[in-house]
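Hello,

Here is the structure I promised to pass on. Have a look at it first, and then read my notes below.

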Amino acid sequence: MPAAAFFSAALPPPSRTLSRRLVVSRAAAAAASASASSSSGWQGGGGVEFQGKVGFLGLGIMGAPMASNLIKAGCDVTVWNRTKSKCDPLLSLGAKYEPTPAQVASSCDVTFAMLADPQSAAEVACGSSGAAEGLAPGKGYVDVSTVDGATSKLIGERITSTGASFLEAPVSGSKKPAEDGLLIFLTAGDESLYKRVAPLLDVMGKSRFYLGDVGNGAAMKLVVNMVMGRWHKIIRYLVHFKFEQNLWMLSLNVLVPLVKYCSMMVSFSEGLLLSEKVGLDPNTLVEVISQGAISAPMFSLKGPSMVKAAYPPAFPLKHQQKDLRLALALAESVSQSIPTVAAANELYKAAKSLGLSDHDFSAVIEALKAKVQSQSSQ
Ligand SMILES: NC(=O)C1=CN([C@@H]2O[C@H](COP(=O)(O)OP(=O)(O)OC[C@H]3O[C@@H](n4cnc5c(N)ncnc54)[C@H](OP(=O)(O)O)[C@@H]3O)[C@@H](O)[C@H]2O)C=CC1
Ligand SMILES: O=CC(=O)O
């Protein structure tokens, strides 16, 4: 198969719902708000309006600063947390309290949930005294926890069975972006609820993506974190390596950039292919990554052409593979294991055997595509 055709032909067709993707940055939202009416309801930062009371369930590392930002922006917020003492700082900022998720949902117009994992998200939404018991037509439920698509769909079905609307909206960004109101929302589900809560998302975040059907937000979040997870592992390894071997200068000058770029490119390639395979638009992944903690000029620079399977040489793949070979030998000389580099090197070697030596090193993605194809034909 010609390389250029891979994204559009070798994998299943992407979900068409993604063609309705909306991307809004805080600046764009602020510009839009300049012409928004201001008749009644809460008037948030930039003059964007939200009508009604807001519930917030789950006040951990992320939930507490997110709820706190809503309160500071003037929202009427009611909170609940399994460990009640974590509500206290929010109550002192002016939040109200209800003793169960159901009571929060029934006393509020829109309820956000930021829970630890799929189990807790499902329990708080669908369990006994869970949010669904307090929901009704006209109300909205926005789950901002990171869960898998199946859990999100299950929660969404239970919520919509009450007549309420559901939006999944996992966030990219960590404690500090949550505190600074700079999260990135990856939303999917009810589009009118998305529009209704947009002013609240703009208080808590710097940008928001609307990705279509429930499950697409969860999938996008997991792909971004998969790329990030590998990247964190690489950083941890590098720090360890520098200390262990006392190779500060060597590692700073040679190994760090080398390992960084080759491994980043491999994990980025894996993310691009996985996003396409689960029906996401890989261009959106490039955009989401470029706004988050793992943003790097390399991803923004090479991502769009990688999606088009174009690899005009800037750093030829053959040189990258040669450097990996040399780095592996260097590590070997001090008996240091560098497993992530060894794995990446195998892919660069495979790319060379596909005749891609003189292409840019981002063509390593073609070796991954070949692997995917050979696995699916087995
Ligand atoms: N921290 C980060 O950098 C980021 C985290 N996320 C995602 O956000 C979500 C929250 O993360 P974070 O705030 O860091 O996690 P925390 O562990 O700090 O908070 C988890 C929250 O879930 C609640 N919870 C856990 N289990 C249950 C349960 N069985 N029933 C009811 N409530 C429960 C906790 O309540 P209690 O206080 O009682 O324990 C707490 O409010 C996760 O899905 C995470 O993957 C997303 C982006 C960044
Ligand atoms: O889920 C973690 C993040 O930093 O995003």
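Let me begin with ligand 2, whose shell divides into one nonpolar residue, five polar and no charged. (Ala, Val, Leu, Ile, Met, Phe, Trp, Tyr, Cys and Pro count as nonpolar, Asp, Glu, Lys and Arg as charged, and the others, Gly among them, as polar.) The residues around ligand 2 are Thr 146, Ser 172, Gly 173, Ser 174, Asn 225 and Ala 293; a residue is taken as near a molecule if its C-beta atom, placed from the backbone, lies within 6 Å of it.

Before going further, please note that this is a predicted model, in which local features need pLDDT of at least 70, side-chain atom pairs count only at pLDDT 80 or more, and totals for chains, interfaces and linings use all residues. Residues are numbered from 1 along each chain as its sequence is written, while chains are lettered from A and ligands numbered from 1 in the order in which they are written.

Ligand 1 is surrounded by 22 residues, the closest being Gly 60, Arg 82, Thr 83, Ser 120 and Ser 174. By class, the shell around ligand 1 has eight nonpolar, nine polar and five charged residues. Which element gives the largest share of that shell? It is helix 6 (residues 118–126), with three residues. Helices (H or I, at least four residues) and strands (E, at least two) are DSSP runs, numbered from the N terminus.

Helix 6 also packs on helix 7, at an angle of about 0° and with the axes 10 Å apart. Pro 118, Ala 121, Ala 122, Ala 125 and Cys 126 of helix 6 make the contact with Thr 151, Leu 154, Ile 155, Arg 158 and Ile 159 of helix 7, where contact means C-beta atoms, placed from the backbone, within 7 Å. These residues divide into eight nonpolar, one polar and one charged.

Now to the domains: the assignment, which is automatic or from a database, gives domain 1 (22–210) and domain 2 (218–376). In domain 1, 15 residues are in contact with eleven residues of domain 2. Helix 7 (149–160), strand 11 (183–189) and strand 12 (205–210) are the elements giving two or more residues to that side of domain 1.

Finally, the axes of helix 12 (residues 282–291) and helix 13 (residues 297–307) come within 9 Å and cross at roughly 175°. That makes helix 12 roughly antiparallel to helix 13. Their contact divides into six nonpolar, four polar and no charged residues.

Best wishes

Methods. Axes are lines fitted to C-alpha atoms, for helices over the stretch in contact, and angles run from 0 to 180 degrees between N-to-C directions. Angles under 35 degrees count as roughly parallel, over 145 as roughly antiparallel, 65 to 115 as roughly perpendicular and the rest as oblique. Two residues are in contact if their C-beta atoms, placed from the backbone, lie within 7 Å.
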